Amino acid sequence: MKNTSWDLSHIYPDESAFSKDLSHFKDDIIPSMASYEGKLGEEKSLAEFLGLEKELSMTLSRLYMYAASISDLDKKDVKAGERLSKVELAANDGMSKISFADPEILQLGEEKVKAFFKSRPELSEFDFGYAKLFRSQKHVLSGDKEKLLSYYSPLLDEGSKMYSLLSVADYVPKKVTLYNGETKEVNMSNWISLIQASEKPEDRAKIFETLYSYYDAHKNAYGEIYNAVLNSELSEMKSRGYSSILQEHLFNNKIPESVFLSLIKEAKEGSAPLKKYYEVRRKYLGLEKHRSYDRFIQLAKSDKKYTYDEARELFFSSIKDFPEDFQKKAHEVSSEGYVDVYPHPGKRTGAYSNGGEGIHPYILLNFEGELEDCFTLAHESGHSIHTLYSEESQPIMKQDYTIFVAEIASTFNEHNLLDYLLNSGKLSKNEQIALLQKAIDQICSTFYRQTLFADYEYQISLLAEKGEAINYEVLSKTMVSLYKDYYGIDISEEKVKPLVWAYIPHLYYTPFYVYQYATSFTASMIIYEKVKNKEPQAFENYIKLLRSGGSDFPIEEVKAAGVDLTDEKSFASVTKRMSELVDKLETLLK
């Protein structure tokens with residue numbers, strides 16, 4: 001592929017087009033919507049208002065995606081940060097001016113609104129959104145109170161903004177001198193590969209401590225930033241009358257709290273295979289103690305590197321037996337201009353797919369040529385494929401699928417790629433070991449580790465609700481306890497590892513997000529097994545899930561695809577699979 005950078009002209013051809021749309025949003029759309037205050041009881045006015053709401057949604061999505069994408073390419077670019085801030089300020093100001101809408105529509109009564117949508121089929125794309133609004137009625141305040149709260153909404157995001165500035169914009173990598181006298185720069189993109197290449201435990205400790213020394217130097221600031229995030233959560237919880245921070249995050253999408261708690265219960269009580277895996281690794285690697293960062297050591301080494309084009313072809317080959325339409329979308333999502341491939345200073349770390357509401361999805365990678373990067377491409381392509389199916393099948397106001405189902409398509413692709421490689425018939429024993437480790441590590445990182453972090457958020461939220469002090473010492477102490485529960489290791493013996501809470505951006509950007517990696521992984525594993533075993537209609541049901549977008553509550557969407565996550569036995573299937581794989585690895589290593 002020649003062009004390995006984003007071409008954002010698909011969103012706006014130039015800066016003037018962006019500025020024109022931003023002005024249109026502020027000067028036309030918002031004032032027009034605000035003029036309907038007190039008039040939404042009239043059927044004609046309500047219909048016109050909803051038409052403007054759709055325009056607002058599409059325009060704001062374009063504005064935000066364009067500005068955020070440019071900012072993510074260089075967090076050190078002050079102008080890019082200013083552009084994004086302009087969009088956020090305009091959005092916050094706009095939302096305050098139309099905050100009257102939900103209370104006015106609630107006053108009409110659910111039956112009247114249902115009858116309205118029935119008589120106006122052209123507006124049916126709004127019906128589910130307003131059904132959710134009526135379900136949340138007791139948590140919606142009066143018009144004047146909603147307007148007052150909207151004035152404070154910019155402050156609610158300050159924690160995540162400060163985290164981004166401290167962790168990305170102000171971040172300066174450090175250098176480390178290794179046992180052989182070689183000096184290496186350690187940064188967010190290369191630290192894992194450096195650890196994988198290190199044979200001496202002392203070097204691995206140095207690399208890890210060099211990376212985390214930044215968090216150690218700023219631990220008080222990170223603790224206070226997390227406290228700011230928690231205070232925002234508490235403010236939302238209390239002002240809207242939720243019983244807990246957890247309920248605040250689950251209620252809107254009708255996720256039973258029992259699903260969250262069952263996940264934690266099963267992962268914690270079913271952690272024996274995880275602890276066994278670490279012990280198998282410790283013995284095989286000849287380590288006195290298996291440190292948390294030792295998890296990156298490959299049990300069977302491979303020096304194979306992949307070009308980005310090879311990674312794409314590998315993914316395409318893995319899906320060659322899937323329906324043509326699925327394959328076509330897989331090629332489309334990684335076509336030129338829609339993937340920003342390589343890391344560079346200032347670029348946001350990690351990977352993601354972003355799109356929706358009529359916008360073609362874009363993928364951000366930090367591709368280094370490792371096998372893991374090939375899986376990341378498959379993962380993010382899954383998100384983008386999901387977005388294309390949703391855009392193709394749902395009207396604008398029902399395209400935005402929930403986070404709860406978002407990770408199903410991504411991890412489904414990973415399951416399939418892993419199986420494709422394992423069943424290639426061309427693997428040496430070392431390659432079999434490497435891929436078996438990959439399968440186990442995927443469960444470790446996506447199911448156990450994310451559940452541990454979800455458990456962590458839950459426990460810290462309970463402390464915050466009790467009014468207890470939140471600082472870096474409390475945050476680190478809780479993390480130490482959970483690592484003992486899940487992994488059976490004492491991270492307090494690793495100088496800076498207890499500060500891992502400062503390393504995880506999701507805790508700051510999107511609280512109570514990470515548990516959905518584990519629920520989605522569970523669902524995708526079960527769905528993939530059905531497809532793999534060629535159960536009747538299995539793939540068709542999976543595509544129906546992708547096509548459903550945001551047209552139903554996520555638990556119901558997943559259930560229609562053949563998985564009931566309200567049954568805790570679903571989570572037990574993951575711990576059982578983990579046990580089988582670890583036993584298989586132990587035998588192969590012997």
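Me: Which helix gives the most to the lining of the second largest pocket?

Reply: The model is a predicted one. Helix H18 (403-422), helix H19 (429-465) and helix H26 (569-589) each supply at least two residues of this lining. Among the lining residues are Arg577, Glu580 and Lys584. With five residues, the greatest contribution comes from H26.

Me: How many charged residues does the lining of the second largest pocket have?

Reply: The pocket holds about 220 Å³ of space. Its lining includes Asp419, Leu422, Asn423, Gln432 and Leu588. By class there are five nonpolar and two polar residues, and the charged ones number four.

Me: Is Cys444 buried or exposed?

Reply: A residue counts as buried when its relative accessible area is under 20%. The relative accessibility of Cys444 is 8%, so Cys444 is buried.

Me: How many disulfides are there by the distance rule?

Reply: A disulfide is a covalent bond between the sulfur atoms of two cysteines. The rule applied here requires a pair of cysteine sulfur atoms within 2.5 Å. By that rule, the number of disulfides is zero.

Me: Which residue in the hairpin of S1 and S2 takes a positive phi near 90 degrees?

Reply: Strand S1 (residues 174-177) and strand S2 (residues 183-186) run antiparallel and are joined by four bridges. Across this pairing, Lys175 stands opposite Glu185 in S2. Five residues lie between the strands of the hairpin, and the residue with the positive phi is Gly181.

Methods. Residues are numbered from 1 along each chain as its sequence is written. This is a predicted model: local features need pLDDT of at least 70, side-chain atom pairs count only at pLDDT 80 or more; totals for chains, interfaces and linings use all residues. Side-chain values use heavy atoms; hydrogens and water are left out. On a 1 Å grid over the protein atoms alone, a cavity is a set of points where a 1.4 Å probe fits but cannot get out, and a pocket is an open set with protein on both sides within 12 Å along at least five of seven lines; lining residues have an atom within 4 Å of a point. Grid points are joined across faces, edges and corners, and a volume is the space filled by probe spheres set on the points. Ala, Val, Leu, Ile, Met, Phe, Trp, Tyr, Cys and Pro count as nonpolar, Asp, Glu, Lys and Arg as charged, and the others, Gly among them, as polar. Buried means under 20% relative accessible area, exposed over 50%, partly exposed in between (1.4 Å probe, protein chains only). Two strands pair if DSSP finds at least two bridges between them.
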